[in-house]
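Hi,

Here's the structure I said I'd send over.

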Amino acid sequence: MLNSTFAGFGNRLVAQIIDSLIVGFAVSIIAMPIFGFSFFQSTMNDNSDIGTILAGLSILPIVLFAFVAPVIYEVLMISSPRQATLGKILMKIKVVDEQGLKLTLGAAIGRTLIKYVSSQICFLLWLWPLFNDKEQALHDIIVKDYVVRS
Amino acid sequence: MSVKKGIIIFTIIVLTLIYYFINPSGFNFGPPCLLHALTGWLCWGCGGQRAFHQLLHGNFQNAFQLNALIFPVVLLFGYIVLSELRWQRPSYQWLRRKDIRISTAVIVMGFTVFRNLIF
């Protein structure tokens, strides 16, 4: 049985901001040398097809990484013994299932994918926790988890 | 000041500055609206960023025409920010009342239908 206090909308929001900054910074660090390579290619005035293809291919991994990194980060952290991302750890909140236990890897994957897909459809769905007593967002309702104070 | 309050204030300042100086009409902020892309209809959020930019510049009529919901949404966000800054554990119980939830859903859905029928 769930025996904890819910996290609070503000704590969840701030945790998400922190996580976005962390992931954004990490992606930028990795992106810099790749964008540098791409810039170097373009400055060599290489207008050949090969040069253009190379420039495009150099950006593709970083684009994929930018989309995938936040998902992998959140899945691994939520399903870890800490049950929380770095942002949630800082805000002293965690994600639990209906029994108050750690989410399984499958549940963490489902939760994270639903969260990011639904945010692409309408990010205002993240306001859902304001309107229900259990402070659950859409992804929490579907996976049947709660975000509580640690 | 706590970390939480610091991040809230920092985020508010940064977002306000971004939306004040950069007009979303000329830039792609965030993902495109799927509903609009698939059906051509405007969702309840379409135009919201542009409306916020106009609101920050005092162009209330333009803001209203772009997305009338910007006014209650800004008021709601303002209430949330002030509550989080003022209290350690703010309560949003009044938002969870059945009449408030139903009213909110009716207003949002009604606005979405209305804006697509009229324009």
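What pattern does chain A follow when you read along the sequence? It goes α-α-α-β-α-α-β, which comes to five helices and two strands. Do keep in mind that this is a predicted model.

A couple of overall numbers for chain A: of its 150 residues, 27% are buried. If you take the contacts between residues at least 6 apart in sequence, 67% of them link residues at least 24 apart.

Over in chain B, the element I'd look at is helix H3, residues 48-56. Eight of its nine residues are buried, so the helix is largely enclosed by the rest of the structure. The buried ones are B:Gly48, B:Gln49, B:Arg50, B:Ala51, B:Phe52, B:His53, B:Gln54 and B:Leu55. What do they pack against? Three helices of chain B: H1 (3-21), H4 (60-66) and H5 (70-86). Just after H3(B) you'll find B:Gly58, with a positive phi of about 80 degrees.

Then there's the interface. On the chain B side 16 residues are in contact with 17 residues of chain A. H1(B) gives the largest share of that chain B side, with five residues. By type, the chain B residues touching chain A split into nine nonpolar, five charged and two polar.

Cheers

Notes
Residues numbered from 1 in each chain as written. Chains lettered and ligands numbered in written order. Predicted model: local features only at pLDDT ≥ 70, side-chain atom pairs only at ≥ 80, totals over all residues. Helix = DSSP H or I, 4+ residues; strand = E, 2+ residues; numbered from the N terminus. Buried ≥ 20, exposed ≤ 12 C-beta atoms within 10 Å, placed from the backbone. Contact = placed C-beta atoms within 7 Å. Nonpolar A, V, L, I, M, F, W, Y, C, P; charged D, E, K, R; others polar.
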